[in-house]
Amino acid sequence: MRTVTAADANRQFSSVLREVSQGETFTVVSRGRPVATIAPASADHARRSAAKARLLVRLRAQERTGARDWSREELYE
């Protein structure tokens with residue numbers, strides 16, 4: 001994992017993205033504090049998909065609670 005300042009990440013964004021596409025991960029710092037992580041999407045995608053699948057299994061197993069006597073329009077008011 002490499003560290004890059006926000007200003008350098010902005011100036012060299014194409015280079016940062018090129019390195020990220022090759023597997024590198026960057027921590028972006030602003031005023032010495034970490035503010036973001038730029039990582040390859042494929043690694044994060046697999047982890048998110050697994051988390052989503054676990055959540056859906058858990059939600060489907062739960063009993064429904066509360067009344068369902070509202071309309072879609074009322075929901076968005």
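**Salt bridges and nonpolar core**

Arg11 is exposed in the predicted model, its relative accessible area being 61%. This residue pairs with Asp8 in a salt bridge whose closest N and O atoms are 2.8 Å apart. Asp8, in turn, has a relative accessible area of 27% and is partly exposed. Both residues belong to helix H1, which spans residues 6-11, and their separation of three residues corresponds to about one turn of the helix.

Across the whole structure, the search identified two salt bridges. In one of them, Glu19 is paired with Arg2, with a distance of 2.3 Å between the closest N and O atoms. Because Glu19 is located in helix H2 (residues 13-21) and Arg2 in strand S1 (residues 2-5), this pair ties together parts of the chain that are 17 residues apart in sequence. Glu19 is partly exposed at a relative accessible area of 26%, and Arg2 is likewise partly exposed, at 38% relative accessibility. In general, side chains of opposite charge can pair when their charged atoms come close.

The largest nonpolar core consists of seven residues, namely Val4, Ala9, Val16, Val20, Phe26, Val28 and Ile38. Two or more residues of this core are contributed by each of H2 and strand S2 (26-30).

Definitions and conventions
Residues numbered from 1 in each chain as written. Predicted model: local features only at pLDDT ≥ 70, side-chain atom pairs only at ≥ 80, totals over all residues. Heavy atoms only, no water. Salt bridge = Lys/Arg side-chain N within 4 Å of Asp/Glu carboxyl O. Helix = DSSP H or I, 4+ residues; strand = E, 2+ residues; numbered from the N terminus. Buried < 20%, exposed > 50% of the residue type's maximum accessible area, 1.4 Å probe, protein only. Core = buried A, V, L, I, M, F, W, Y, C linked by side-chain atoms within 4.5 Å.
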